[in-house]
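We'll start inside one chain and then move to where two chains meet.

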Amino acid sequence: MSAFPVDGCWPTATSQWEKRNIAQEVPVWEEDLCTQCNICTLVCPHAAIRAKTVSPDALELAPEEFKSAEYKQRDFKGQQYTLQVSPQDCTGCNLCTTACPASDKADPSRKAINMAPKQPVLESQSKNYEFFLDLPELERIDIKRIDARTSQLLQPLFEYSGACSGCGETSYVKLLTQLFGDRLLVANATGCSSIYGGNLPTTPYAVDKHGRGPAWANSLFEDNAEFGLGMRLALNSKRDNALGGLLETTADFLPAELVEQIKQDAFDSSEAAVTRQRQNLSRMRAELPYSHRQLNERADDLVAKSNWIVGGDGWAYDIGFGGLDHVLAGSDNVNVLVMDTQGYSNTGGQQSKATPTGAVAKFATQGKTSNGKDLALNMMMHGNVYIAKIALGANMNQTIKALQEAEAYPGPSLVIAYSPCITHGFDMAEGVEHQQLLVETGLWPLFRFDPRRTDKGRAALQMDSKAPKKDVEELISREARFTQILRRNPEQYQANLERLRQQVAHKHLLLEQLGQWKPEKK
Amino acid sequence: MTNIGIFFASDTGNTEKVAEKIATRLELETNDIAGRSNEVFEDFDLLILGTPTANYGEMQPDWDCFVPELEDADLSGKKVALFGLGDQVDYPDSFQDAMGDLADLIVEAGGEIVGQWPTDGYEFNDSRAVRMINLSVWHLMKIVNLNSLTTVLRLGWLP
């Protein structure tokens, strides 16, 4: 008989036991050089390098080789800071060390983290990591301002997936769990993210010390948006059921102000409201008698959840587009995260409508002849959708802002996240710099589109990247998916390049115009 | 008598320290911009604003949160001087970018930038804080922080 439940659920927090040990080299921390910017932990695809801030006493029993430093920023002054790698989970992708900006002024080759052979440090670092995991975790509510840096002081609830070494998608998923993980529902389209997200029998999704963590499901490829919408409708229904049918009957047992507070907070997914609501519900559970046990059992339905519809461009631009369009045309509070690798990565790199002109992909072996589709601009025309185009390596704080704004937006939101992929054909370790260059060429403009801004007489569209200042060729010459053509057919390559240049110029003009579109100030 | 307001945002405390040095010289108080609204600028004729740059050329998050307030503000008639902290060695491609972005927002809000300073003696690849005036390259007034705090204050432009 199967040990797994008949409904298809299986336990989370299991990837931690796999310990693949595939890295030849792992990062080693030089705490004296570290500026504690947390960029390394932000970009790590596997949550294999982490940062924490703790009080000095928490470190009293630290292993001999455990490193920590005085916390440098104002927000947790007086605490200690520690950065630790899990040598058995690290894949050795080099993203962290390459992205680290801090170097020894006397010897620039020595950075705040440097790769070193794993074998000699395996035992000591494993011991350090075990100790690190037991150190206290911060609660989100303790952080005054969650930005790219401080988000990394939070426990990731997505760890050690089977994604490629250097994968560009997973850092977004990890971030999502750091921001909303303990109340997160994910509807995941088939693709890389469904495979690394749920390769039975293990899953990289985890739980915090309260036992809370993301709930996750993969239905099909074409139905993911509708699947996620269904989750939102179910959440609404359960909440309304608890509010209407059940809460209404508690007047004799609960103070009116508590009931009022519960009713209000049930609709508020902000950190403050969720934290308060959990406290409200504890009070409620303590006060309610046995006759109201049904409400006690369903109390969690009254905590506002964060539901996300996640998938790649193969799903969002192509196969699942009809459903996505339907969901975004509505008014339900759903959040869509498209991790755009510009192709069907999971199945070997077939072209999608997101694949840019001139890129080689399966079914486009001479380089794609049609333009790359602009999903963001398309969906702006609905008028009611919050839209953001992000690229973590190019603008880290904008990424966090966009995810937070999308979540808070009381309607459909769409975040399109550029995700470097091995199908692009460049050294994945250079992912961060690569994305910066990408944005500087204008090939991936960064922006946020918030329809509510027009109420204040401002344009809904806000550009988060500047006018293109580098030539397209600087970027495409680094990617084998483009340069393959150069070798085979140099004229075709030049023609593709010209078309890309025109597309970039045209898109920039269009965005400038859209940025001017605002109603008259009243 | 010009009313001068000093505002800063700081993560490590370095920008705060520099703001305090300026404030001591001028016998004024400093103000942390975190969580404030644009009303705080109202009483002042001259603003001295300080900012570091985050990550690879991003605005410091407290100033970033203040952007909608700046978009709504009317700074016409106000003079604004900026000081920025940065590291041209580790971040040569984005040196003082955030100070440049802040300057752009100030100008859009109607403020007049004062106290510009030449880039001589600095070595970096790129900066959004650099403005070309005729044939010379000027740089917004700034104080550079390397490992130890080196403060260079020029107050000759004060009325």
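Which residues in α5(A) are buried? Keep in mind that this is a predicted model. The buried residues of α5(A) are T170(A), S171(A), Y172(A), V173(A), K174(A), L175(A), L176(A), T177(A), Q178(A), L179(A) and F180(A). "Buried" here means under 20% relative accessible area.

Now for the place where the chains meet. Here 28 residues of chain B are in contact with 27 residues of chain A. Putting the two together buries about 2200 Å² between them, and carbon and sulfur atoms give 37% of that area.

What about charges? The rule finds 13 salt bridges across the interface of chain B and chain A. To see one of these up close, go to E71(B) and R458(A): their side chains meet in a salt bridge, at 3.5 Å from N to O. As for polar contacts, the count between chain B and chain A is 18 residue pairs, with both residues at pLDDT 80 or more.

So which parts of chain B do the touching? On the side of chain B that touches chain A, the elements giving two or more residues are β4 (58-59), α2 (61-72) and α3 (97-108) of chain B. Of these, α2(B) gives the most, with 6 residues. Sort the residues on that side of chain B by type and you get 14 charged, 8 nonpolar and 6 polar.

Technical notes:
Residues are numbered from 1 along each chain as its sequence is written. Chains are lettered from A and ligands numbered from 1 in the order in which they are written. This is a predicted model: local features need pLDDT of at least 70, side-chain atom pairs count only at pLDDT 80 or more; totals for chains, interfaces and linings use all residues. Side-chain values use heavy atoms; hydrogens and water are left out. Contact means heavy atoms within 4.5 Å. Buried area is the accessible area (1.4 Å probe) that two parts lose on being put together, summed over both. A salt bridge is a side-chain nitrogen of Lys or Arg within 4 Å of a carboxyl oxygen of Asp or Glu. A polar contact is a pair of N or O atoms within 3.5 Å; within protein, one must be able to donate a hydrogen and the other to accept it, and residues adjacent in sequence count only if both atoms are side-chain atoms. Helices (H or I, at least four residues) and strands (E, at least two) are DSSP runs, numbered from the N terminus. Ala, Val, Leu, Ile, Met, Phe, Trp, Tyr, Cys and Pro count as nonpolar, Asp, Glu, Lys and Arg as charged, and the others, Gly among them, as polar. Buried means under 20% relative accessible area, exposed over 50%, partly exposed in between (1.4 Å probe, protein chains only).
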